[in-house]
Amino acid sequence: MMRASAAVHRFVFSASKGRLLGSNRFGGMPVLMLTTTGRKSGKQRTTMLTAPVQENGTFVVVASGGGSDTTPAWFLNLRDNPMVEVSDGAQARPMRARIASAQERAELWPKVVAEYQGYEEYQKKTTREIPLVILEPA
């Protein structure tokens, strides 16, 4: 059900450039489409993510996996190949992904949780520290 819902959301977001049916937001947060290169397949992989923190053309995304103990595949892909494409609906642009340092995470995590309390619950569900990824213009 979640996959089907995500596929519909991605279709509406792409087709309307984020202008139709509130497709540019989820859970009150802005969304984006992140395209990574598969670390094993080399194929382009696109996923919809929320971007709870956005500043000066930089996006912060959360590799929460809903609190799963398994790291999301998109995170592993960008860890191995940080050159990504990001679409916020209006435009797609190349960006470079980097994992937030411990200091950056400490500064960003309260901002992330302030946008969506669910991230704090996700962190409590797993023993892994949920990474934050900073997407910067390439």
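This is a predicted model: local features need pLDDT of at least 70, side-chain atom pairs count only at pLDDT 80 or more; totals for chains, interfaces and linings use all residues.
A salt bridge, for today, is a side-chain nitrogen of Lys or Arg within 4 Å of a carboxyl oxygen of Asp or Glu. Residues are numbered from 1 along each chain as its sequence is written, and side-chain values use heavy atoms, with hydrogens and water left out.

How many salt bridges does a search of the whole structure find? Seven, and one of them joins the side chains of E104 and R98 at 2.8 Å, N to O. R98 also pairs with E136, with the closest N and O atoms 3.1 Å apart. Because R98 sits in strand β7 (residues 92-99) and E136 in strand β8 (residues 132-137), this pair ties together parts 38 residues apart in sequence. Strands here are DSSP runs of E, at least two residues, and helices are runs of H or I, at least four, numbered from the N terminus.

Now E129 and R105: their closest N and O atoms are 3.8 Å apart. E129 is in the loop between α4 (118-125) and β8, while R105 is in helix α3 (residues 102-115), 24 residues away. Is R105 buried or exposed? Buried, at 11% relative accessibility, whereas E129 is exposed at 56%. The cut-offs are under 20% relative accessible area for buried, over 50% for exposed, and partly exposed in between, with a 1.4 Å probe and protein chains only.

Back to R98, E104 and E136: salt bridges with shared partners join these residues into one network. Thanks, everyone!
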